[in-house]
Amino acid sequence: MDSACSSNINYIVDTVAPTISTGSPSANFAKNGDTITYTLTFTNAAAIPMTVGSVTLNTTGSATCSRALTGTGLTTRTLTFTNCTGDGTGGFSIAALAASNQAGLTSDATAPSATFTVDNTVATLSSFSPAASSVNTIPSSIVVTMSETVLAGSVATGDFAVSGTCTSAPTVSAVTPSGSAITVALTGGTCTNSQTLTLTLNANQITDRAANAAPAASQSVTYTFDTVAPSVGSQAPAAGQFNPLPTSIAFTMDADIQAGSVATTDFTVSGCTTNPTVATAARSSSGVVTVTLSGGTCANGETMTVQLNANSV
């Protein structure tokens, strides 16, 4: 009996090289002690000979991290970064030949991955606004500016303390973080002349985006209350008879005057046929305001009066 046998040999054509998706970091910020992971996804891979040595760490600044590679199978690996020190950014690239397909085609080197920020520096206080100074009313709000962006959810009214010698201290009623600035709202309180008000940012209460607690030590600003208006103690030249009229008068106050708070409109000249005008008016030295006069005509027997207006300086 005759018989016939046939056999088939199948050839698979695979011209698509495997690819690797590097994914995104598990967190955007890290400090020493944190763990950042990436899930690497392989497509069209028949073998993945990749090792941790295939991974190049890409960093900026002083940042550096340890890395480890785990996982099996033909679809994913987990890349883990730990022990991140310094400050900067971290990411990675994968060398070519990390994976191959059934036809022996190999993966290309990957582009640099998405990065995360390495931050091991504790935020410090940059400023209080208003700064320490003499005030006559309780500030309704004080802006606390840090050296870097703070984590909004880490800021609370209890992070701040109010102290001083006021008759009754205001309370911290609200805190509003925005970037590196925190607006602290104050409510209530009674403070009188010579009393003090201190706002303190307690130590290690707020955090930056990498969860570094700040500030390392408490920081404070103190305001001293000056609620008594200055008055004129004397003037030079003193009142008297003059010919010609004085062109400059120095008013000595019983308290110093804030520089820049004096204007020509703070003074009024009266009593003459044609009153001189106040040409300049400025704080000339501690507690002294000097006024210069220009023009004007005063007849015999007329009295020129130069008046410092109420509530003007």
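Select Cys272. Its relative accessible area is 10%, and the cut-off for buried is under 20%, so Cys272 counts as buried. Bear in mind that this is a predicted model.

About the S-S bond the angle is 85°, and the link of Cys272 and Cys298 is right-handed. Cys272 sits in the loop between strand S21 (267-270) and strand S22 (277-285). Cys298 sits in the loop between strand S23 (288-294) and strand S24 (305-308). The bond therefore ties together parts that lie 26 residues apart in sequence. Is Cys298 buried or partly exposed? Cys298 has a relative accessible area of 24%, which makes it partly exposed.

How many disulfides does a search of the whole structure find? The search finds three. Counting bonded cysteines along the chain, their pattern is 1-2, 3-4, 5-6.

Go to Cys65 and Cys84 for another of these bonds. Their sulfurs are 2.1 Å apart. The torsion about this S-S bond is about 115°, so the disulfide is right-handed. Color strand S5 (residues 64-70) to find Cys65, and strand S6 (residues 76-85) to find Cys84. The two cysteines are 19 residues apart, and the pair links distant parts of the chain. Check the surface here. Cys65 is buried at 8% relative accessible area. Cys84 is buried too, with a relative accessibility of 0%.

Next, select Cys166 and Cys191. This disulfide has an S to S distance of 1.9 Å. The link of Cys166 and Cys191 is right-handed, with 100° about the S-S bond. Look for Cys166 in the loop between S12 and strand S13 (171-178). Cys191 is in the loop between S14 and strand S15 (196-201). Parts 25 residues apart in sequence are therefore tied together by this pair. Both Cys166 and Cys191 are buried.

Strand S9 (residues 125-129) pairs with S11 in the antiparallel sense, over four bridges. Pick Phe128: opposite, in S11, stands Val144. Strand S14 (residues 181-187) also pairs with S11 in the antiparallel sense, here over five bridges. Pick Val143 and look across to S14, where its bridge partner is Thr183.

For the last stop, display S10, S18, S15 and S12 together. These four strands form an open sheet in the order S10-S18-S15-S12, with mixed pairing. Strand S10 (134-135) and strand S12 (160-164) stand at the edges. Each has a single partner strand, so one side of each is left without a neighbour in the sheet. Zoom in on the S10 end. S10 and strand S18 (residues 219-225) run parallel, joined by two bridges. Finish by selecting Val135: its bridge partner in S18 is Phe225.

Note on methods:
Residues are numbered from 1 along each chain as its sequence is written. This is a predicted model: local features need pLDDT of at least 70, side-chain atom pairs count only at pLDDT 80 or more; totals for chains, interfaces and linings use all residues. Side-chain values use heavy atoms; hydrogens and water are left out. Two strands pair if DSSP finds at least two bridges between them. A disulfide is a pair of cysteine sulfur atoms within 2.5 Å. Buried means under 20% relative accessible area, exposed over 50%, partly exposed in between (1.4 Å probe, protein chains only).
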